[in-house]
Structures are given as structure tokens and as C-alpha cells.
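Dear colleague,

Please find below the structure that I am handing over to you, with its sequence. My notes on what was found in it follow directly after.

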Amino acid sequence: MAAVTMDKVTKVYPNGVAAVVDLDLEIADGEFLVLVGPSGCGKSTALRMVAGLETITAGELRIGDRVVNDLPPKERDIAMVFQNYALYPHMTVEQNIGFALKLAKLPKDEIRERVLSAAKVLQLEEWLQRKPGQLSGGQRQRVAMGRAIVREPSVFLMDEPLSNLDAKLRAQTRAEIASLQRQLGTTTIYVTHDQIEAMTMGDRVAVMRDGRLQQVDQPEVLYAEPANLFVAAFIGSPSMNLLEGTVALTGDGATVALGEQALQIPASVLADRPALRDFDGREVVVGIRPEHLSDAALAADGAPRDGTRLRGQVELREALGSELLLHVRTNCRPAVTDEVRSVAGDVDEAAVEILERQAAGQGAMIVARFDSRSRARVTDSVEMDVDVERLQFFAPETGNRIADLVEVGANA
Amino acid sequence: MTAVTTTPPATGSDDLEPGPSPAREPVGSVAHRILGAIPTGVLWALVVLWTIPTLGMLVSSFRPEIEVKTTGWWTVFPDPFPESKLLAGIVALIILAVVVVLVALLARLYVRLGRVGRIALPIVAVVALVVLVMVASDSTFTFENYRQTFDASTSDSPDMWQHFLNSLAITIPATVIPIAFAAFAAYAFAWMDFKGRDWLFIGVVALLAVPIQLSLVPLLQLFVGGAHLTLFGETFTLFPDLDLAGTTTAVWLTHIGFGLPLAIFLLHNYISSLPADLFEAARIDGADHPTIFWRLVLPLSVPALAAFAIFQFLWVWNDYLVASTFLGTGSADAPMTVRLATLSGGRGQDWHLLTAAAFVSIALPLAVFFGLQRYFVRGLLAGSVKG
């Protein structure tokens, strides 16, 4: 058991590419931290630096109270699970799991005992004499886990351990790994590009982009109060709708104009985000989560409420049974600043092009998550109730969330 | 080239044969299949044609001296050909077809066998052939040639057993030692970071281009007297005189030298294609380079090692040039190739002995090839195609 501390850890490759820049992270003893980000964001490099598979260019890495920058992997008291498991193909499951113990020259009896108990935890007992080639993907994954837990290390490192499993098995294994970690109480760093894994498994989630840490917090906080446009767009599926808006203060509250439509911002929101006052008359990026839009036709009172509704035409309807995803074409403008473009490019290449087209005059496509009772059909015009209390605002130039930072903490 | 790629038995991939044909098969596909079988048939015909000299040698080796010298080996078979030229042609074609089908069937059986079966089947087939010929023929057969071949009573007698042992004494170190060195070197080139690695590797690979003829004389000098450099009246010994002239050691040392670059190159290609994750996992499990090499790389490289072993074994076993240069043709330490050549020179008239001796000399390579054929095909591919 040990805490892991990264202090301005930096990785620059010999060809000049900076994979990780000034990464500051403190992972508490026993904590499950998920590193998430799009491919190429440096999350795997960060993990490999902790493992000792990559040298650290600058900064300090501590496991427990030891600085381990220059220690080889085996002296760091860590175990790692690889994306493709990296099982030794010529050894049986038992030998695979016991390999590290054998190298550590433990007595044979003890190796056997520990391998057996690890196998028991992972339900691998009947496969101990098989070779990896004879196992299914899920079983191989468990062997890889077994190889890690049998050593009882102070830190687990996992590099996208579920990405080679099919969807159903992935969901099941996700839960198994999370509960196993809780049971063992071992500090764990888990790298993934899948934000669902990040949200469901981590005690805290660290979002990375272009080698830089964007935000690290509990999953709920990350979702409710993303620090910037990138985190807002990356976390959540379907992702947050980002629209271009102009703020106009009106006494206690404010109005934000989204193209020809406008939303009223109540005084309470403004009180929570005092920094928004500085944007009077200026453009902001308005973020609306799909689930904060609801079918106005289903509203209890039915009376039109001024300034909390957006209108548009349904272009695509995805019925998921429990809920309804509607892609609604509005006459609002999507937010297309340089920052948004680059964020969209990081999240999804094709997204940039779609954004440009929408900005050019098609109007923004908004994804709304409606109650399944909604009767909205394709080509219907719909009115959507907006939960204006939960709107997010970002500065168009920097992409940062508009809020008083002190207030954000209090809000959580 | 199509002939090669459309011949499943030749590549050992018997599982790839089409299953039972579906009920409704379009006419075009039947024609396609018949046409597709033509290259396979041509290939098998070639195999049979190319095997005929070996068959002739085998038959001759069992014939008495007088008969070998007076009649051809094919006369042991009863003459199946009728007088009419047309009929004789037809009979000849039928015989060829039967032999081709028989060989093809044997080959199909062969690829389904395990390792022991793969060694046993050719032996059984050859013995069956010999017995068949002996039974069907009215000629006399004898083991006298083989007895004489192994005869060691006089200094002039062939004494093949001794030369068989000589061949082994050269081939075994010349096969085992390069593999042992090359495996280490290949691992280092593939997975260890050190300065000048790429240049060193390029240098080793460039050695592949050195022709052996070019180095025969310098090597001979080296073995006879060492290498010395005289500068400003001082003589420096670059390589001591190890008194290796005329020894088998000189022969296998040379084979090692010329085998190493290829061995390193082939093994490097194979070892560097092993997944990097495996090595990282091992490092995290606490393995250092020697442990990774012995516990991981060596067991995983068995196919590549076996493939190179076959290559090198066959090359050294069949070598004549190096052995005759360093040992001399009359040496008692000469391997079988050299001895055979001497026999055919000194006893050019003794065809009966030559055939028997030659058959003895190809017996071991045949056994090695059939026993490790699986690795041979795989190893040929390992260097070029990743997969």
C-alpha cells in the first residue's frame, strides 16, 4: 500500500515530442484513479513512467515516500496489466501467474499457495494447467489480473485492460475489477479512453489532453462542473451541446441569446458564477447536457414558460427503450471558436467538419434526451424545456469554465 | 508460381482443402476446379521426375557389380512395354500417372502424420519400394555394395562409416555453436539498447555478402601459420598459429564463421517480431536480460532456431569446398562428400560402390528434413513474412 505522487512529471521523446508536460497528480493510498483522454493524450506514457518502462525526462515520481525516478520496474513494487495481456504463451496459467514469484526466488510451496489463492479469487482454478492460447479473451484477462494480484504490490497499473473484450464481458469485468480493487484496497492507476469506464470505476478521474492534465476530480464533479470545454465535451455520452451565445445582464438575472432564440438565466445561476457578469454583452459558449432538455409537451403545467425553451425540428430519433435521444435542428449557432475546433478534433475527427457545416448556416444540431413517453417524431417541430439552472458557460477564447473558482469548490 | 500456391499438401496446410461440395454446384465451378487441379498435377509430375535419379541410385546400390556396369538400373523391372510403339506410349503414360497418384496420396498421408510418423513414413516407403522391386524383378540383388562401402580393412577401402562420423564431427559443432552465439546476438540486437547497435547490425548483415571463395586462401594461411604483421622491423602476431591445418576444427570453425551472419540475421528478424509487451511484462515481473533470454526468448524462438538448424545442417553436411580446401582430398578426417568425390575419381569405374556410398551420405539429411519439415517451411516464411 502506498500513495503515488507525480510532481511536474514530464516526458519528452528524443525526437522532441512532448508526451506528458508538468503532470501533477497525487494518488492517495488505496485510491482508484482513472486516467482518461483521447488517444495520444499521454495517459499511457504517464502510466508507463510510473511503471518504469519509460524514463522520466523531468519532475519527480514518488511511490510511498521513495523517489523512484531511477529505479527499475522490479524495485518499484508495482504490478501492471497490459492492454493485450502480454501473457507468456509457452507457460501454463499457473506458471504465468507464478512467474514473478519464481523470479523473486520464493519457496515453491509458497508460490503454489499464493497462485492458488489468486486463482481462487479470479475463478481460474480449473484452468491452471492450460496455456494462454487455449483460453478465451475473458479468461486471459483474468490471468493477467492474477499475475498482478499474486505479487501483492503496493500499486496496480492497468493499461486499458478491457479494450480487447466484447461489450457485455467488458461491463461485467469492469464491475469485477472495481470490486476486486475495493476488496484488496491497493492503490490503482487505470488508463482508459472509454469515459464510461472512467466514470463508473474511478474514485477520482484525471482527464488528460495533449500531454496536459485538464482536470482531476470525482466523477460526479467532473460531470457537473467540467473545468473547460474539453472536459465538458469528452465526459458524457451523448456529449454536451455547445452553442454560441451572447450574454446580456438584466438586473439580477441575465439573458443569453442563442441565435434567434434566447434563454433567461435566473439570478441564482448568476450568483453561483459571478464571473459571468464580466461577460456582459460578450460571446460565451453555452453548454447544455442532453438530459437537461426535456419535452415541453410533457411538462406538468403545460403553460409556456418564457426564456426556458428552445425550438427546433427533429431530424433523428433514437429510441433506447428507457429514454429517447432526439437530434434536433435549431436555428442556434454552434460554438465554433478555435478552441472548440481543436477540442472537437481531439474528441472526434469527423466532428469538426460537421461543426463547420452547422455554423455555416444549417443551424446547430442539439441532442436531447427525452423521456420515453415523448411523442416527438422525425420532422416534428419540438419545444424543449431547458434546465437553465444547470447550464454551463465557457469563455470562447480560453475554453475555460466561467465561474468563480472559489464558488466551484463550495458548490460541490 | 501458381502451381506452388495452389498445392495444399506441399505446404502442409491440409486443413485448407475444400470440404464436401455443396449440392448445387454450378458447371463453371466444376470446370474451374478441374483447371485449378492442373498446376497441382504438373507439380506432382515434376516431383516424380526429379525423384527418378534418386530411385535409380537406390536400385543400383543393391545390384551386383557386374550388372551395374553392364545394364541400366531400369532393366531390373520386368519390361512392361509391348512391341507396338503406340501401346508402349500408352503404357508409359499409365505408369507415370499411377506413380504420380501414388506419390500424391503418400504426400497427403504424410502431412497428416505426427513427427515420428513423418520420419517413419519415408523409411517405410523406401523399404517397401526396395522389397517390391526385389520381389517383382528376376534380377539378383545384394547387400554386397553396402558391405564394401563400410569396409575398412585396407587403407584404400571406402570406410564410409569413418567418414560418416567425420561428417557428424564437423556438422554438429558447425550447427550448434552458431545457433548458440547467434541467439544471444540476435536478442541483443533486437531488444537491448546500446550505442552503435544499428551500425553493428548493418555490419553483421553486410558480412552475408562476403563470398566464401574469396576468403579461402586467407583462412588457409591463418590456419597454417596464424596472422602476423611486420611493421618497422617488429613482428606483431595478430592471430596465433593454432596449428589447425588439416584438422576438422578448421573446417567447422570456417562454417561457424560463415553461418553466423545468416543465423544472426534470421533469428533477429524472428526475435524482434515478438511482442514488446511480453518483454515489458517480464521486466515488471522482475526479469533482467539473461532471465528474459532464457525463460522467454529461447522457448518462444524454437521454430526459428529449428529452421536455421536445418539450413545450417544441410549446408554443412553437403559442403565440399571448405572441407576439401582445409583437409585435402585424401585425408582420413574428410567428411563423406570429400570421400565420395575421391571414390568417383580414384574408382571412377566402381559405380556400384559410389551409389551405395552416396545413398549413405543422403540418409541423415533426409531424416533431418522429414523430421523437422514442419519447422523448415515455417522457418522459410519466418524471415520474410510476418505472421
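In chain A, the C-alpha centres of domain 1 and domain 2 lie 37 Å apart. The assignment places domain 1 of chain A at 4–229 and domain 2 of chain A at 235–411; such bounds come from an automatic or database domain assignment.

Before the remaining findings, two remarks on conventions. This is a predicted model, in which local features need pLDDT of at least 70 and side-chain atom pairs count only at pLDDT 80 or more, while totals for chains, interfaces and linings use all residues. Residues are numbered from 1 along each chain as its sequence is written, and chains are lettered from A and ligands numbered from 1 in the order in which they are written.

Chain A: domains and overall build

The contact between the two domains of chain A takes 12 residues from domain 1 and 17 residues from domain 2; two residues are in contact if their C-beta atoms, placed from the backbone, lie within 7 Å. On the domain 1 side, the elements of chain A giving two or more residues are α6 (195–201), β9 (204–209) and α7 (219–224). Helices (H or I, at least four residues) and strands (E, at least two) are DSSP runs, numbered from the N terminus. By class, this side of domain 1 of chain A has 8 nonpolar, 2 polar and 2 charged residues. Here Ala, Val, Leu, Ile, Met, Phe, Trp, Tyr, Cys and Pro count as nonpolar, Asp, Glu, Lys and Arg as charged, and the others, Gly among them, as polar.

Chain A has 12 helices and 20 strands, and its C-alpha atoms fill a box of roughly 75 × 45 × 40 Å along the principal axes. Of its 412 residues, 43% count as buried; a residue is buried if 20 or more other C-beta atoms lie within 10 Å of its own, exposed if 12 or fewer, and partly exposed in between, with C-beta atoms placed from the backbone. Among the contacts in chain A with a separation of 6 or more, 71% join residues 24 or more positions apart.

Chain A: local features

Helix α1 of chain A (residues 43–51) has 9 of its 9 residues buried, so it is largely enclosed by the rest of the structure. Among these buried residues are A:Lys43 and A:Arg48. A:Gly52, which follows α1(A), has a positive phi, near 95°.

Helices α2 (residues 93–103) and α4 (residues 137–149) of chain A have axes that come within 7 Å and cross at roughly 30°. Axes are lines fitted to C-alpha atoms, for helices over the stretch in contact, and angles run from 0 to 180 degrees between N-to-C directions. That angle makes α2(A) roughly parallel to α4(A), a term for angles under 35 degrees, with those over 145 called roughly antiparallel, 65 to 115 roughly perpendicular and the rest oblique. The contact is made by A:Val93, A:Asn96, A:Ile97 and A:Ala100 of α2(A) and A:Val143, A:Gly146 and A:Arg147 of α4(A). These residues divide into 4 nonpolar, 2 polar and 1 charged.

A:Pro238 is found in the loop between α8 (229–234) and β11 (241–250) of chain A. With 14 C-beta neighbours inside 10 Å, A:Pro238 counts as partly exposed. Leaving aside residues up to four places away in sequence, A:Pro238 touches A:Pro290, A:Leu325 and A:Val367.

For chain B, the assignment gives domain 1 (2–142) and domain 2 (160–384). In chain B, 14 residues of domain 1 are in contact with 13 residues of domain 2. The elements giving two or more residues to the domain 1 side are α3 (27–61), α4 (65–70) and α6 (115–136) of chain B. That side of domain 1 of chain B has 5 nonpolar, 4 polar and 5 charged residues.

Between the chains, 14 residues of chain B are in contact with 17 residues of chain A. On the chain B side, α12 (276–284) and α13 (289–300) each supply at least two residues, and the largest share, 6 residues, comes from α12(B). By class, this side of chain B has 8 nonpolar, 2 polar and 4 charged residues.

Helices α11 (residues 248–272) and α14 (residues 302–317) of chain B pack at an angle of about 155°, with their axes 10 Å apart. That makes α11(B) roughly antiparallel to α14(B).

With kind regards
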